[in-house]
Amino acid sequence: MGLDPGLRRLALGTLLAAYPGPVPPDWAVDLLAEGLAGHTLFGTNVHDPAQLAATTAALRVGRADVLIAIDEEGGDVTRLAHATGSPYPGNAALGAIGDVALTRRVYEAIGAELAELGITVNLAPTVDVNTADENPVIGTRSFGADPLRVAAHSAAAVAGLQAVGVAACAKHFPGHGATVADSHHELPTVDVPVDVLRRRDLPPFAAVIAAGAQAVMTAHIRVPALTGPGPATFSRAVLVDLLRTEYGFTGAVVTDALEMKGASVAAGGVGPAAVRALAAGADLLCIGAKVDADLVEEVAGAIVEAIGDGRLERRRVEEAAGRAATLAAWTRAARREPTGGGTDLGYAAARRAVKIDGVLTDLKRPLVVQLHAASSMAEGRVPWGLGPHLADAEEVRVVAGEADPAALRRLAGDRPIVLVGRRLHQLPGGPELVTALAAAHPVTVVEMGWPAQWRPAGVRAFVTTYGASHANGRAAAEALGLAG
C-alpha cells in the first residue's frame, strides 16, 4: 500500500535532499512539485557560474519557492570554488583581523554571488568557538577561541548575508568548537556543565539570533548534561528548552546531514534519524550528499509511519513544514540589490590576516616543500598551498612521515627552504621533519591551518595565514615575496 498522499507531501516539506551531477535529474525536480522543501548543492553539482544559474532555474521549474542551500563559508569550505579554492580568506582570518565591518562586507559579497546564481540559503556562518586546538572539523572555520569576538563577527556575517536576501544558517548548535572528534565519522562528546556552554559556546548563537538569523543548524554532538547518550540533534532539551525557550529563536531549526555517523549510527539509519530529529524539534532535515529518489522516499515513509503509529505528532510535523515554508517565503521576499565588494575584497582581507613571527630574509628562489594534509569531509578535496601563486620557485610535495630531510636539503642546495603545511604539529612526522631541516638549513614555515601555540625551534620565520583558501595562499606568497 502506498503512502497517504497528504502525509507524504507533509513529510517531504521537511526535507532538504540532494542529487548527483551538474544537471538536476527528473526525480529531483518532480519531488519539488510533490512538496519537497528543497535541495542542498555540493561541489559535484557545481561546474561553472552559467551551469549553476541554469541548475537553480531548473529547480524552480519544480516549485518557485524551492529552498536551494549550499555550504559556502569562504576559506577552507567552499562549493562554488571547489576546483580552485575560495577567493575569500575564511573565518579564522577574519577573526584575526578583528574588523567586524570587514566581516560583514565579506559575507555580503559572498551572499551577493549566491543570490546572483539563484541560491537562497547559505549553510553558514560557522559560529562555533574553537576552544580545542586539536579540533579536526572546525578549526579555521571558526572566528576564534574568544566567545565575545566570535559573537561579534558571527552577527556581522549574518547581517552581511541577509542584507542581500540570502538566508543565513548559523551552525552548529549548541557548539562544536570544543570537540576533538569529527561528527562525520563518530559521535563527539562535550562533557561540561550547561553553565560552561552558556559562557563559552552559546554567546555567538545569542548574537546571531539577535541579528535575525533565519536558521540555526544543529550539531551531532553529545552533551551528557543536556542530551544524555544521544546527539543534540535528537534532544528536545537542546532544540526546544535551550534554543527556542531560553534563547528565543523563532526561525527554522536545520539539522546537520543525517547521513553523518554522529546521527545515523545513533538512530539506526537516516529514516529513524529523521523521525527522532523532528520529534526533538528540528524543522528542516538535511539528508546528506549521497541522496537518490529511493532514499528520499525511504525517509518520507519513515516520517509517515511514525505519524501513523504515534511516535510523531502530526502537528509537530506540520509545525516543522510550516517553518520551512516560512523560510522559503522569506527568501523570496528579501532579495536585495548587492552592494559590491567582490573577490578583490577577499584577497585584500587575506593579506591583512597574515602574521609573521621572525624575519623574512634571503628567500630568493627557495625550495618550497608542501606537506600533504588530509581534508575533513566538510572541506572536501580543494586545492591549497603556495603552488598556484609562485613566480620563480621550485615546489615539491611530500608526506611528512615519509620525507627524507637529508634528501630535501640536497635538493635545496644553497637555496632556503619554505615549508608549507596545515596543522603541521599534528602531522605524523611533521614536527620532526621541521626540526631536522632547521637544524642544518635556513627554513621558513608557513602554517595554513588552525594557529595552535606550537612554534618549532630554529626556523628563520613562522608565517600564519589562518586558512588555506586561494586567497590565503596568494597572501602568503606575496608576504614571502614569491608571488608572480
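This is a short tour of one predicted chain, from its overall build down to a few single residues.

Hi everyone, and thanks for coming. Some ground rules to start. The model is predicted, so local features are taken at pLDDT of at least 70 and side-chain atom pairs at pLDDT 80 or more, while totals for chains, interfaces and linings use all residues. Residues are numbered from 1 along each chain as its sequence is written, and side-chain values use heavy atoms, with hydrogens and water left out.

Let's begin with the whole chain. The secondary structure comes to 18 helices and 14 strands; these are DSSP runs, with helices being H or I of at least four residues and strands being E of at least two, numbered from the N terminus. Along its principal axes, the C-alpha trace spans about 75 × 50 × 40 Å. For 484 residues, a compact globule would have a radius of gyration near 23 Å, and the chain agrees because its value is 23 Å. That radius is taken over C-alpha atoms, and the globule rule is 2.2 Å times the number of residues to the power 0.38.

How much of the chain is buried? Buried residues make up 61% of the 484. Here buried means under 20% relative accessible area, exposed means over 50%, and partly exposed lies in between, with a 1.4 Å probe and protein chains only. The chain exposes about 17600 Å², and carbon and sulfur atoms supply 53% of that; the areas come from the Shrake-Rupley method with a 1.4 Å probe, and for residues only the protein chains shown count as cover.

Eight strands form an open sheet in the order β7-β6-β5-β4-β3-β2-β1-β8, with parallel pairing. Its edge strands are β7 (252-254) and β8, each pairing on one side only. Two strands count as paired if DSSP finds at least two bridges between them.

On its β5 side, β6 pairs in the parallel sense over 4 bridges, and Cys169 has Ala215 as its bridge partner. Towards β7, the parallel pairing has 3 bridges, and there Ala215 stands opposite Ala252. Elsewhere in the sheet, β3 (residues 67-70) and β4 are parallel and joined over 2 bridges, with Ala69 opposite Val121.

Next, a helix. Why is α12, residues 270-280, described as largely enclosed by the rest of the structure? It is because 8 of its 11 residues are buried. Among them are Val270, Val275 and Leu278, along with several alanines such as Ala273 and Ala274. The cover includes α10 (236-246), α11 (261-267), β8 (285-286), α13 (293-308) and α14 (314-333).

Most residues other than glycine have a negative phi, and most peptide bonds are trans. Two bonds here are cis with omega near 5 degrees: one runs from Ala124 to Pro125, the other from Phe173 to Pro174. Pro125 sits in the loop between β4 (121-122) and α6 (147-163), and Pro174 in the loop between β5 (167-173) and α7 (194-200).

Two arginines also have a positive phi. Arg365 has a phi near 50 degrees and lies in the loop between β9 (355-358) and β10 (367-371); at 42% relative accessibility, Arg365 counts as partly exposed. Arg423 also has phi near 50 degrees, but at 18% Arg423 counts as buried. Its loop runs between β12 (417-421) and α17.

That brings us to α17 and our last stop. Val434 lies in this helix, residues 430-438, and counts as buried because its relative accessibility is 0%. Which residues touch Val434, leaving aside neighbours within four places in sequence? They are Leu419, Val445, Trp454, Pro456 and Val459. Gly458 is 24 residues away in sequence and 8.9 Å away in space, C-alpha to C-alpha.

Notes
Contact means heavy atoms within 4.5 Å.
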